[in-house]
Amino acid sequence: MTILKKMCCVMFAALFLVGTASAAKKKKDDPYKAIKPQKDPVSKKKFDFKGMSIIVGDWWSDPDAAPASKQQEDLYAWRQWTQDTYNVKITQQAVSGWGSNPQFVQNFCIAGGDENYVFIIDGRTANTGVKASLFYDLSKVKSVDYKDVSKYDQGCVQKLQRGNSFYCFNWGKPEPKNGMFFNKRILQENGFSPNYPYDLQKEGKWTWETFEEICKKVQKDTNNDGVIDVYAMSSFNTEFTYAALDSNGGSLIGRDANGKYFNNAGSEKSMEAFNWIARMWATYQLPQEEGANWDYFYSAFINGETAFLADQEYNAQPNGRFASMTDDWGFVCFPLGPHGDGVYKTIHDTNMCVIPSCYDAERVEKIAKAVDLWLEPVPGYDGPEDWKESFYAGFRDSRAVDETLELMAKTPNPRYDTLISGLSQGDMIWGVCAGYQTPEEAYENCKNVWQGLIDDVNR
């Protein structure tokens, strides 16, 4: 053997050993090496989607955004493993703006196209899409069990149900929504424990009455000139109203046992809540100054000018609206009304995922199953408490997650007014909160219009 051949053999052997060692290391470092891929019951081999590309289309996701936490890093890694294992590419990304989403979804569901979409929609598109047969009947999907409570949000699965047919899904725990943020410094300066709302909630004593007792004490005319200088709350009028109605067993729209919608705004419990809302707003809400932005109430709470803000949990996202707030703050469920069910909860209003009906059955089966595999819980995060991990980073204390969000996820209450196309919740809310209409006047002014919209959906 020549010297050159010997050198080539040595180099080849070295490269082979390096490659083998690299492959062995990769296999050793693979955190999912013990996971057995799921098999297609027909072929008896692992699922193979032949490089199929699927887009989970919404109006907010950036597929190139860096992970914000260790849990999110692990989620990305797990989903990459899923895609590599089953030879599929799935991307969640914004395909439209919020305002253009209904038209974008409608246009595609009618005209079709080469893209394989799972659309995320809200109430603006929901019932109109079902009535126009734009969405595939998911009860016909054979490869996915949408009734699997460990993976799919059953409140969402049932949201657009018509008899045995259903048209939407979402995954995971019900999303925490409406609650009450509170400023710990202001409470402490007024003689309360900084965690007083948490303690009241834990004892079942966080009610309209105790909430108002705190409001009375923190609201002040500091210079005795007859003008209030420090207001108790700066809340979002719509979010305060939705939560207050729900806390008293009321709502804007209800749905009966037959799946028919009805106007519930004029019911006894709803009217009791509306009258309480009107009084609380007139007495304790920081007024909007002339020329101030519509979202002035956020600035007031963030700047430590008010003690309470009723709004949605998403404000507490890592690097979100409250991340730079100087004062410490907490988050509890909305206080209990006198005629509710006595259960702390939130309003269930999760966005819905739909598959266009313009696809044939075989294509839908592939899309549905690929997404089902993509949604498998991340190993190591599949315990009963692991869903909380993604929320801790957004809050200043663990009680918001371990106590408040626990209650919210356990007992979400469906919200139906968002499913009535064309209905303006402001018909009841804006005039009442602004003080130029009584709840009774607002109801009388809009009930006939609302009934026409409800009848149209019920047909």
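Figure 1. Within β2, A94 is the bridge partner of D58. Strand β1 (residues 52-58) is joined to β2 by 7 bridges, and the two strands run parallel. The model is predicted: local features need pLDDT of at least 70, side-chain atom pairs count only at pLDDT 80 or more, and totals for chains, interfaces and linings use all residues. Residues are numbered from 1 along each chain as its sequence is written, and side-chain values use heavy atoms, with hydrogens and water left out. Helices (H or I, at least four residues) and strands (E, at least two) are DSSP runs, numbered from the N terminus. Two strands pair if DSSP finds at least two bridges between them. In general, strands of a sheet pair through backbone hydrogen bonds, either parallel or antiparallel.

**Figure 2. The open sheet β2-β1-β3-β10.** This sheet has 4 strands in the order β2-β1-β3-β10, and its pairing is mixed. At its edges stand β2 (88-94) and β10 (352-354); each has a single partner strand, so one side of each is left without a neighbour in the sheet. From one strand to the next, the twist averages 20°. Angles run from 0 to 180 degrees between N-to-C directions, and axes are lines fitted to C-alpha atoms, for helices over the stretch in contact.

**Figure 3. The open sheet β7-β4-β8.** A further open sheet has 3 strands in the order β7-β4-β8, with antiparallel pairing. Its edge strands, β7 (308-312) and β8 (329-332), each pair on one side only. Neighbouring strands of this sheet are turned by 30° against each other on average, direction ignored. Strand β4 (residues 178-183) is joined to β7 by 5 bridges, and these strands run antiparallel. F181 has L309 in β7 as its bridge partner. Strand β7 is mostly covered, since 5 of its 5 residues are buried (under 20% relative accessible area with a 1.4 Å probe, protein chains only; exposed means over 50%, and partly exposed lies in between).

**Figure 4. Helix α14 and residue R399.** Helix α14 (residues 399-410) lies across β4 and β8, running at about 25° to β8. R399 has its place in this helix. The side chains of R399 and D199 are joined by a polar contact of 3.1 Å. A polar contact is a pair of N or O atoms within 3.5 Å; within protein, one must be able to donate a hydrogen and the other to accept it, and residues adjacent in sequence count only if both atoms are side-chain atoms. Not counting residues up to four places away in sequence, R399 touches N195, Y198, D199, K202 and T404, where contact means heavy atoms within 4.5 Å.

**Figure 5. Helix α12 and its surroundings.** Helix α12 (residues 361-374) has 14 residues and reaches 20 Å from its first C-alpha to its last, close to the 20 Å expected at 1.5 Å a residue; the expected span is 1.5 Å times one less than the number of residues. Buried residues in α12 include V364, I367 and W374. Their cover includes β1, α2 (70-86), β2 and β3 (116-121). At the start of α12, a side-chain oxygen of D360 reaches to within 3.2 Å of the backbone nitrogen of E362.

Figure 6. A disulfide is counted for a pair of cysteine sulfur atoms within 2.5 Å, and the count comes to 0 disulfides. The closest cysteine sulfur to that of C156 is in C168, at 4.1 Å, too far for a bond. For C215, the closest is in C433, at 14 Å, again too far for a bond. C156 is buried, with a relative accessible area of 0%, and C215 counts as buried at 0% relative accessibility.
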